[in-house]
Amino acid sequence: MNVELVLISGMSGSGKSVALHALEDAGYYCVDNLPPELLQQFIALEIQHQAARVAIAMDVRSATSLPLVPQQLAELRQQDITVRTLFLDANTDTLVRRYSETRRKHPLSVSPARADVLEQQRALVEAIELERELLADMRDQAHVIDTSLIRSSQLQSYVKSLISAPASAMTLVFESFAFKRGIPLDADYVFDVRMLPNPHYETDLRPLTGRDEPVVTWLRQHESVSVMFAHIEQFLKHWLPALAHDHRSYVTVAVGCTGGQHRSVFLVEQLARVFGSHWVTLKRHRELDNQAEGR
């Protein structure tokens, strides 16, 4: 029986519970906060129970035993178990805000209960930075999803799209974004296209997006846009085979412009179309997806 394991780790407050619920909806048997020492025994038990798809969340609460995980995953792969690893991340300001809104205590927090607000916030930031250090190795070996600016429903959609892609092939994720809202933490490569002609200054094109035909036609009329596309295409075609040879499961290519509405969206759409004929390809539009969810 072919068994698939999805291991979710990440920063406290980054959305691991949301991701786990998405996997549960997709038919995975899910366990939260499994101690790493029990991973192999748990998978062996699930195989006995004929479980084909399992999802496990691990976090900093198991910090002392997390170094065991890479070797355990390697051994599971040798048993022909398909292993996918996802790491959920968010910027520190977002994590602080989420903790302030929920009034939860960070698992590494040691701030005195009667400390003033500034002391509590300082202690929280220190706990978050310590957590980043403790989870750095887990992050380096996983596909990262930046949840700083996305809603819970978007995260669920992203997780489901990732696990639906064939595990045997490297998956390309093309993502458009707005520089004014920050660079995605999950990007492996970032291309800045803010120097290209901007449809925002064309009255008829301003309310449209890079997926709309009038914007597509307008951008294609500019040689600089074609040159930028060719340069990105050439770079990726040169290096993607080496990344695949290095056993990378996912590669995220982020393209950013000022507002994340026209130029970056157009280029992501075109890149996904071209590379989709040779690679498993997904696309995201961070700002547009966020706007759609807010309607």
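A nonpolar core, as I use the term here, is a set of buried Ala, Val, Leu, Ile, Met, Phe, Trp, Tyr and Cys residues joined through side-chain atoms within 4.5 Å. Buried means under 20% relative accessible area, exposed means over 50%, and partly exposed lies in between (1.4 Å probe, protein chains only).

**Ground rules.** I am working from a predicted model, where local features need pLDDT of at least 70, side-chain atom pairs count only at pLDDT 80 or more, and totals for chains, interfaces and linings use all residues. I number residues from 1 along each chain as its sequence is written, and side-chain values use heavy atoms, with hydrogens and water left out.

**Overall fold.** I found 11 helices and nine strands in the protein chain; these are DSSP runs numbered from the N terminus, helices being H or I of at least four residues and strands E of at least two. The radius of gyration is 21 Å, close to the 19 Å that the globule rule gives for 295 residues, so the chain is as compact as a globular protein of that length. That radius is taken over C-alpha atoms, and the rule is 2.2 Å times the number of residues to the power 0.38. I also noted that 48% of the 295 residues count as buried.

**The largest core.** I looked up its 30 residues, and Leu5, Leu39, Ile43, Ile56, Met58, Leu73 and Leu76 touch the most other members. Elements giving two or more residues to this core include β1 (4-10), α2 (39-48) and α3 (69-78). Apart from it I see another core, of 29 residues, among them Val216 and Phe229.

Which residues does leucine 73 contact, leaving aside its neighbours within four places in sequence? They are Leu5, Leu7, Leu39, Val83 and Thr85, with contact meaning heavy atoms within 4.5 Å.

**Leucine 130.** I place this residue in helix α5. Leucine 130 is partly exposed, at a relative accessible area of 39%. Serine 109 is 21 residues away from leucine 130 in sequence and 9.9 Å away in space, C-alpha to C-alpha.

**Two loop residues with positive phi.** Glutamine 50 sits in the loop between α2 and β3, and its phi is near 65°, a positive value in a residue other than glycine. Is glutamine 50 buried or exposed? It counts as exposed, at 56% relative accessibility. Aspartate 80 belongs to the loop between α3 and β4. I read a positive phi of about 65° for aspartate 80, although it is not a glycine, and a relative accessible area of 64% makes it exposed.
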